[in-house]
Amino acid sequence: MTIWNLGSINADLSYSVPHLPAPGETLAAVAMSRGLGGKGANMSVAAARAAARVVHLGAVGADGAWAVGRLMEYGVDTRHIVEVDEATGHAIILVDGQGENSIVIHHGANHAIPDDLLGRALSEAETGDLLLMQNETLLQPEAARMARELGLRVAYAAAPFEAEAARAVLGLCDILVLNAIEMEQLQAASGLALAGMGVETVIVTEGGRGGRLHLAANDWQAERFETPKVTPVDTTGAGDTFTGYLLAGLDRGMPLRQAVELASRAGALMVTRHGTADVIPDLKEVQAARFG
């Protein structure tokens, strides 16, 4: 089928630093690079590299043609990426020697996606397709309602976490993907237990420790999953890679646990690389990877 991704597109400005700066501290970067990023773009690239058909719904400014071209190179359908008056979104990423990061995001064009784009794009969708959303754009509730009416499954990655955005779409999602910290934030902000969130499948990632599945069909009992052990050099984009691979696997008919295993391998391989969308591994690399 098809994954329709309402997602951000950013220029990622990445700086390697000796350590993440303390308040008021000035650091000299060891290296700097510019690449394609944004949680939406990362997930689109990951799903496309995992052999899914992906259509990206988003916006860039007049300075963003290079980003659209890069998405096309990676196999993403870009017909529903529009140019708006706002500048293309960007992120400033600081990465320390242990692979940990701090990120500042400027939304730019990602918060100027026109309302009518949803109808134009999703009018082409078919029953059983997937809608994917994150929190770096607007229009998530509108997109989720439209997708539900059209018979699409809805997946939501609740990152970067925003309580109001999460509450607005919880009852409209079939699949929720978030990390352990975001799960704590969501439960604190909503006051809801898993059973009250209205989501059938909740996947909580825990970095190098793997994560857990919570399924309505199993009465929300936690089921652990593991991730391959690696030495991380840059954790940026690892969660997005996991999500893209997960949904690509599900879209291709994989059982959930098999799709999670594939996504965990992809995420583990991703953290051994510096960069974001431009270094997301393809399916052959993930399948061939050997982990110690």
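Tutor: Start at strand S13, where the bridge partner of Phe225 is Gly211. Keep in mind that this is a predicted model.

Student: How many bridges join S12 to S13, and which way do the two run?

Tutor: Three bridges join them, and strand S12 (residues 211-215) runs antiparallel to S13.

Student: What sheet are they in?

Tutor: An open sheet of nine strands, in the order S5-S4-S1-S8-S9-S10-S11-S12-S13, with mixed pairing. Strand S5 (77-83) and strand S13 (223-225) are at the edges; each has a single partner strand, so one side of each has no neighbour in the sheet. Neighbouring strands are turned by 20° against each other on average, direction ignored.

Student: Which helix touches S11, S12 and S13?

Tutor: Helix H8 (residues 256-270) packs on the sheet there, and its direction makes about 155° with that of S12. Helix H2 lies across strand S4 (53-60) and S5, running at about 170° to S5.

Student: Back to S11. Is that strand buried or exposed?

Tutor: Mostly covered: five of its five residues are buried.

Student: Which residues are on which side?

Tutor: Thr201, Ile203 and Thr205 are on one side, Val202 and Val204 on the other, and all of them are buried. In a regular strand, side chains alternate between the two faces of the sheet.

Student: What does S11 pair with?

Tutor: Strand S10 (residues 175-179) pairs with S11 in the parallel sense over five bridges, with Val177 the bridge partner of Ile203. S11 also pairs with S12, in the antiparallel sense and over five bridges. There, Ile203 has Leu213 as its bridge partner.

Student: What does the His214 side chain make a polar contact with?

Tutor: With the side chain of Arg212, at 2.9 Å. Leaving aside residues up to four places away in sequence, His214 touches Leu194, Glu200, Thr201, Val202, Val204, Trp220, Gln221 and Ala222.

Student: New topic. What about the sheet of four strands?

Tutor: That sheet is open too, with the order S3-S2-S6-S7 and mixed pairing. Its edge strands are strand S3 (31-37) and strand S7 (101-106), each pairing on one side only. The twist averages 20° from one strand to the next.

Student: And how do S2 and S6 pair?

Tutor: Strand S2 (residues 10-16) and strand S6 (residues 89-95) pair in the parallel sense over seven bridges. Asp12 stands opposite Ala91 in S6. Helix H2 (residues 65-73) packs on this sheet, touching S2 and S3, and its direction makes about 70° with that of S3.

Student: Last one. Where is Arg145?

Tutor: Arg145 lies in helix H4 (residues 140-149). At 42% relative accessibility, Arg145 counts as partly exposed. Gly253 is 108 residues from Arg145 along the chain, and their C-alpha atoms are separated by 24 Å.

Note on methods
Residues numbered from 1 in each chain as written. Predicted model: local features only at pLDDT ≥ 70, side-chain atom pairs only at ≥ 80, totals over all residues. Heavy atoms only, no water. Pairing = 2+ DSSP bridges. Axes fitted to C-alpha atoms, helices over the stretch in contact; angles between N-to-C directions. Contact = heavy atoms within 4.5 Å. Buried < 20%, exposed > 50% of the residue type's maximum accessible area, 1.4 Å probe, protein only. Polar contact = N/O pair within 3.5 Å; in protein donor to acceptor, adjacent residues only side chain to side chain.
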